[in-house]
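Student: I have a model open and want to learn how to read its features. Can we take them one at a time?

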Amino acid sequence: MATKIAVGESTRFLTKHASWFLRFATPGGYCPDRLLARGEQAPTPPSAGVAGLHLFTFNQIAETERWPRPARAGG
C-alpha cells in the first residue's frame, strides 16, 4: 500500500530506523517548530529553487490546522 501512495521509500526508511519513529511518535518527542527554526538558519542559495515547505498532515488535519499560523508563514 505504501508504494501505491508513493511513500514506499519513507516506509523502508522508518522500518530501518524504528527507534527514530518511536521517538517522533512519543508525545513531546517531535517538535516541528524546532525543525523550522533550524531550517530557517540553513543557507539556501536562490539557485536551489526552494520556494517553501510541503506539510504532510498524515491525516492529522485538525491538529495541523491548529498549529500556529505565524510559524507556518515564517514569521
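Student: Is F58 buried or exposed?

Tutor: This is a predicted model, so treat every value as computed. Exposed means over 50% relative accessible area. F58 has 68%, so F58 counts as exposed.

Student: Where does F58 lie?

Tutor: In the loop between α3 and α4. Phi of F58 is near 50°, a positive value, and the residue is not a glycine.

Student: Which phi does N59 have?

Tutor: About 65°, again positive, and N59 is not a glycine either. N59 lies in the loop between α3 and α4.

Student: Why does N59 count as exposed?

Tutor: Because its relative accessibility is 67%, and the cut-off for exposed is over 50%.

Student: Now the whole fold. How many helices and strands are there?

Tutor: The protein has 5 helices and 0 strands. Along the sequence, the pattern reads α-α-α-α-α.

Student: How much of the protein is buried?

Tutor: Buried means under 20% relative accessible area. Of the 75 residues in the protein, 4% are buried. The exposed surface comes to about 6800 Å², and carbon and sulfur atoms supply 62% of that area.

Student: Take L22 as a test case. Where does L22 lie, and why does L22 count as exposed?

Tutor: L22 lies in helix α2. L22 counts as exposed because its relative accessibility is 55%.

Student: Next, pockets. How much space lies in the largest pocket?

Tutor: About 1400 Å³. Read the lining after the volume. The largest pocket is lined by 31 residues. Y30, P32, L35, F56 and F58 lie nearest its centre.

Student: Which helices each supply at least two residues of that lining?

Tutor: α1 (8–16), α2 (18–25), α3 (32–41) and α4 (61–66).

Student: How many lining residues are nonpolar, polar and charged?

Tutor: The lining of the largest pocket divides into 19 nonpolar, 11 polar and 1 charged.

Definitions and conventions:
Residues numbered from 1 in each chain as written. Predicted model: local features only at pLDDT ≥ 70, side-chain atom pairs only at ≥ 80, totals over all residues. Heavy atoms only, no water. 1 Å grid on protein atoms, 1.4 Å probe; cavity = no way out; pocket = protein on both sides within 12 Å on 5 of 7 lines; lining within 4 Å. Points joined across faces, edges and corners; volume = space filled by probe spheres on them. Helix = DSSP H or I, 4+ residues; strand = E, 2+ residues; numbered from the N terminus. Nonpolar A, V, L, I, M, F, W, Y, C, P; charged D, E, K, R; others polar. Buried < 20%, exposed > 50% of the residue type's maximum accessible area, 1.4 Å probe, protein only. Areas by Shrake-Rupley, 256 points an atom, 1.4 Å probe, with all protein chains shown as cover.
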